[in-house]
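Have the sequence and the 3D view open side by side while reading. The paragraphs below go from one part of the chain to the next.

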Amino acid sequence: MDLFYKTHKYLVEHVNSPVERELMQEIDWSHRLIGIKGSRGVGKTTFLLQYAKEHFGTDPSCLYINLNHLCFTDKTLAQFASDFAADGGKTLLIDQVFKYPKWSEELRYCYDNIPQLNIIFTGSSVMRLKDGNPYLSGVAKSYNLRGFSFREYLNLMACTDFRSVKLEELLANHEEIAKEITSKINPYDYFTAYLHHGFYPFFLEKRNFSENLIKTMNMMMEVDILFIKQIELTYLSKIRKLLYLLVKDAPCVPNISKLSKEIHTSRATVVNYMKYLSEARLVNMLYKPGETFPKKPAKVYMHNTNLMYAAGPEDLDPQAVRETFFYNNLYKDNAVNKGDKNTHFLINGKYRFRIEASRPKSNRKDVLYAIDGIKEGEGNIIPLWLFGFLY
């Protein structure tokens with residue numbers, strides 16, 4: 001136990017989170033069992049340690065542990081949690097929980113039998129904490145940590161403190177919101193860089209960003225998909241090739257028959273693999289209103305624009321980048337579906353959006369326009385970059 005305390009103290013003292021994540025304010029920290037999911041690379045470990053630093057410092061009532069530690073091949077998580085609580089521990093922060101074989105069962109045991117202990121754990125976006133998890137459904141409060149929004153990136157790089165806005169507020173007051181922001185800063189001094197490398201926090205590290213992201217993408221497939229879904233390693237090459245085929249054409253209307261021939265598997269398996277890639281936050285699947293998995297998606301996008309620049313073709317279509325940015329920001333708190341023949345997206349079943357490079361020549365009043373290249377808009381014309389302020 002002393003070794004864990006020493007590690008905790010060192011990590012908390014040396015954690016560096018230059019901007020507070022929006023999720024820090026959204027979580028109800030009084031809940032006794034909290035799960036924080038997120039794709040690989042978005043900063044879940046840093047998030048846990050930052051919480052410990054801000055709320056506990058080096059107070060021994062809070063302890064960070066990583067279930068990768070070899071100790072947990074011999075000692076159960078339930079035993080460790082019981083010993084920690086018996087020593088006066090009140091908050092246990094558990095990282096890499098999915099690496100432990102019976103993690104959900106033992107978390108439930110701790111919840112039921114150690115009521116004085118709060119547990120906050122992190123895991124892959126592929127994990128199931130609500131539907132499909134009989135042990136944690138109804139007792140674990142689940143949250144998703146996403147990559148940096150454009151707002152968070154801007155606050156970090158420009159030393160600003162802009163707040164997030166909800167979609168309804170943005171649509172009603174976008175002119176005033178944009179004017180307030182552009183009176184202090186030019187968002188286009190930062191927007192292009194964000195699209196290229198601002199979503200994943202490791203752009204702050206002194207390593208080649210694209211190479212690091214490619215390695216992370218492979219880890220998502222090897223660990224977050226194969227390990228968690230218990231898929232044999234021999235199928236990794238098929239999943240990797242499917243992702244490559246989707247990346248080079250994204251956004252695309254997937255030809256399932258063609259894809260199944262390309263990777264030598266069934267149509268149903270192709271759709272399942274796309275679902276796994278979506279859960280790992282490598283792609284986003286866009287459906288027509290009223291449709292969802294296991295139906296074929298109407299369109300497949302990359303999950304975020306950073307993935308497009310790292311793994312896509314050199315001559316990226318600017319329109320594909322715009323649409324991907326918009327979709328990635330809207331899907332967090334909104335229902336995003338394929339639009340009709342005159343629009344790209346239908347949001348929450350009522351807002352019809354077109355994503356454009358410039359102001360439309362023919363302005364249709366029944367359509368909302370997210371326009372690139374403008375600092376401020378008016379009426380149904382809204383700057384594209386402003387949708388990066390939704391979280």
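Predicted model: local features only at pLDDT ≥ 70, side-chain atom pairs only at ≥ 80, totals over all residues.

Arg151 is buried, with a relative accessible area of 6%. Which residue forms a salt bridge with Arg151? The partner is Glu22, and the closest N and O atoms of the two are 2.8 Å apart. This pair links distant parts of the chain, 129 residues apart: Arg151 belongs to helix α6 (residues 150-158), while Glu22 lies in the loop between α1 (2-14) and α2 (23-26). In general, side chains of opposite charge can pair when their charged atoms come close.

A second pair is made by Asp224 and Arg40, whose closest N and O atoms are 2.9 Å apart. Here too distant parts of the chain are linked, since Asp224 is in helix α9 and Arg40 is in the loop between β1 (33-38) and α3 (44-55), 184 residues apart. Asp224 has a relative accessible area of 3%, so it is buried. Arg40 has 18% relative accessibility and therefore also counts as buried, the limit being under 20%.

A third pair shows that limit from both sides. Glu356 forms a salt bridge with Arg354, with the closest N and O atoms 2.6 Å apart. Glu356 counts as buried because its relative accessibility is 19%. Arg354 counts as partly exposed because its relative accessibility is 24%. Elsewhere, salt bridges that share partners join Glu26, Lys166, Lys332 and Asp333 into one network. The count of salt bridges in the model comes to 24.

Next, find helix α10, which covers residues 236-249. The helix has 14 residues and reaches 20 Å from its first C-alpha to its last, close to the 20 Å expected at 1.5 Å a residue. The buried residues of α10 are Leu236, Lys238, Ile239, Leu242, Leu243, Leu245, Leu246 and Val247. What do these buried residues pack against? Their contacts are with the helices α9 (209-229), α11 (256-263), α12 (267-279) and α13 (305-311), and with the strands β6 and β7.

Those two strands can be followed in turn. Strand β6 (residues 283-286) pairs with β7 in the antiparallel sense, over four bridges. Within this pairing, Met285 stands opposite Val300 in β7. In which directions do the residues of β7 (residues 299-302) point? Lys299 and Tyr301 point one way, Val300 and Met302 point the other way, and all are buried.

The last stop but one is empty space. Rolling a probe the size of a water molecule over the atoms shows where empty space is left. The largest pocket has a volume of about 980 Å³. It is lined by 31 residues, of which Asn144, Lys275, Ser278, Arg281 and Tyr331 are the closest to its centre. Several elements each supply at least two residues of this lining: α2, β5 (141-144), α12, β6 and β8 (336-338).

Finally, look at Asp317, in the loop between α13 and α14 (318-330). Is Asp317 buried or partly exposed? Its relative accessible area is 44%, so Asp317 is partly exposed. Asp317 and Leu129 are 188 residues apart along the chain, and their C-alpha atoms are separated by 37 Å.

Notes: Residues numbered from 1 in each chain as written. Heavy atoms only, no water. Buried < 20%, exposed > 50% of the residue type's maximum accessible area, 1.4 Å probe, protein only. Pairing = 2+ DSSP bridges. Expected span 1.5 Å × (residues − 1). Contact = heavy atoms within 4.5 Å. Salt bridge = Lys/Arg side-chain N within 4 Å of Asp/Glu carboxyl O. 1 Å grid on protein atoms, 1.4 Å probe; cavity = no way out; pocket = protein on both sides within 12 Å on 5 of 7 lines; lining within 4 Å. Points joined across faces, edges and corners; volume = space filled by probe spheres on them.
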